[in-house]
Amino acid sequence: MVLFIYLYNPGQWFKDNFKEIVRAEKEREKRQEYNQIYEAWNDNVIIPVKNYIANSFAKKNNNSTLELWEIGDREAENIHRFISLNLKGFRHLLVDSDIRHIRNTHGANAKKIRADEVRLTDEDFYRIPDILANPDNVTVGNRSSNGDATLRFEKNKNDGTVTIVETIMSDKTLRVKTMWKDKYEGHSANIVNPPNTSKNAHNNLSTIEAIIKQKGIDVKQNNNAYNQQDLGATSWDAAGRATITLMQKADASTLIHESGHVFLAALWNDIQRGIATEQELKEFETLMNYAGITTEQYAAMDFEGRRKTHEIIAEAMESYVMKGKSPNKELRTFFKRFMKLLNNIYNIAKGGRNRSANYIPCSA
């Protein structure tokens, strides 16, 4: 695990690097927003759809239906770019028997498919919401055998173009009736950039965010952070990298405190990966006892549940550095290693290298 530091102070280095710091911080906030929206999308749309489709394959849904969402302003505007229909208020609908029929004719159970067709995978079925929310093209299709009007939502993927056909029903539902995947001309499994693929990630994101809000779901706030109000904060990205942000009012104790969060998280990460030494395992157990819990209790907690424990231990580490006192003798080695980490941070900062992105091994 590594430590990623953003420095915020009024010194000459800050003035010289202000634009770069602001740019990096805006990018971080944008990535954070992106992750929050897609986490809500995955939890509240993708996973329920995946479970429903898996049950459809296994014939466990008892011929039930699943309403995906009602089309709002944003999605209606996107569709209107392709066809002159206002579909605001219509609802996307999955039907159990239709899912199995598609799989039997174009998916894993199909006995034979067209020469210019690619067999649908289960993952293609699970991404139905993504295709409907952000199609690369929408056209009016042929009428169904019952005389109902149909729409075709197309999405280009690396192995072909997926087409979803929805039947426009009288009750303002758009029923997913069939689905298939066509090869590209000169199809190759190594296609990296399929033709006409939408590259406007902002539009895709805003559409998904609008659908989530339409469903009455609040996008989760970033809870993967421990902070000292307006002094500093520590957060972790999806790769497990920690970012310490020091605000203008931060002092030396702020960096020490926030570094304590990172060092504790790095120790726990080593334990989870099975590479912690016996001494480190004992140290962690002692730290947990000092915080009033057991290692097992800590392991069962989510990020928010660990906040209090983190603050207790970070304050102890801060106190050790400032006063030279360890809570007990068993933790002296742990605190000495923490001091070594702080010395590395200081040496890098003192060296005058680009401190907007210094990577420091936590095990140092």
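What joins the side chains of glutamate 75 and tryptophan 69? A polar contact of 2.7 Å does. We will come back to this pair after a walk through the rest of the structure, which is a predicted model.

Let us start with the whole protein. The chain has 364 residues, and 45% of them count as buried. Its accessible surface comes to about 19,400 Å², and carbon and sulfur atoms hold 47% of that area.

Six strands form it, in the order S2-S3-S7-S6-S5-S4, and it is an open sheet with mixed pairing. Its edges are strand S2 (65-70) and strand S4 (137-140), each of which pairs on one side only. From one strand to the next, the twist averages 30°. As a general point, the strands of a sheet pair through backbone hydrogen bonds, and they may do so in parallel or antiparallel fashion.

Strand S5 (residues 150-157) and strand S6 (residues 160-168) run antiparallel, and eight bridges join them. If you find glutamate 154, you can look across to threonine 163 in S6, which stands opposite.

Helix H4 (residues 96-106) lies across two strands, S3 (91-95) and S7 (173-182). With S7, the helix makes an angle of about 15°.

Is glutamate 75 buried or exposed? Its relative accessible area is 3%, so it is buried, the cut-off being under 20%. Leaving aside residues up to four places away in sequence, glutamate 75 touches Trp69, His92, Leu132 and Ile211.

Let us take some of these neighbours in turn. Tryptophan 69 is the partner from our opening question, with its side chain in a polar contact of 2.7 Å with that of glutamate 75. The side chain of histidine 92 also joins that of glutamate 75, through a polar contact of 2.9 Å. Leucine 132 is 57 residues from glutamate 75 in sequence, yet their C-alpha atoms are 9.3 Å apart in space.

Key:
Residues are numbered from 1 along each chain as its sequence is written. This is a predicted model: local features need pLDDT of at least 70, side-chain atom pairs count only at pLDDT 80 or more; totals for chains, interfaces and linings use all residues. Side-chain values use heavy atoms; hydrogens and water are left out. Two strands pair if DSSP finds at least two bridges between them. Helices (H or I, at least four residues) and strands (E, at least two) are DSSP runs, numbered from the N terminus. Axes are lines fitted to C-alpha atoms, for helices over the stretch in contact, and angles run from 0 to 180 degrees between N-to-C directions. Contact means heavy atoms within 4.5 Å. Buried means under 20% relative accessible area, exposed over 50%, partly exposed in between (1.4 Å probe, protein chains only). Accessible areas come from the Shrake-Rupley method with a 1.4 Å probe; for residues, only the protein chains shown count as cover. A polar contact is a pair of N or O atoms within 3.5 Å; within protein, one must be able to donate a hydrogen and the other to accept it, and residues adjacent in sequence count only if both atoms are side-chain atoms.
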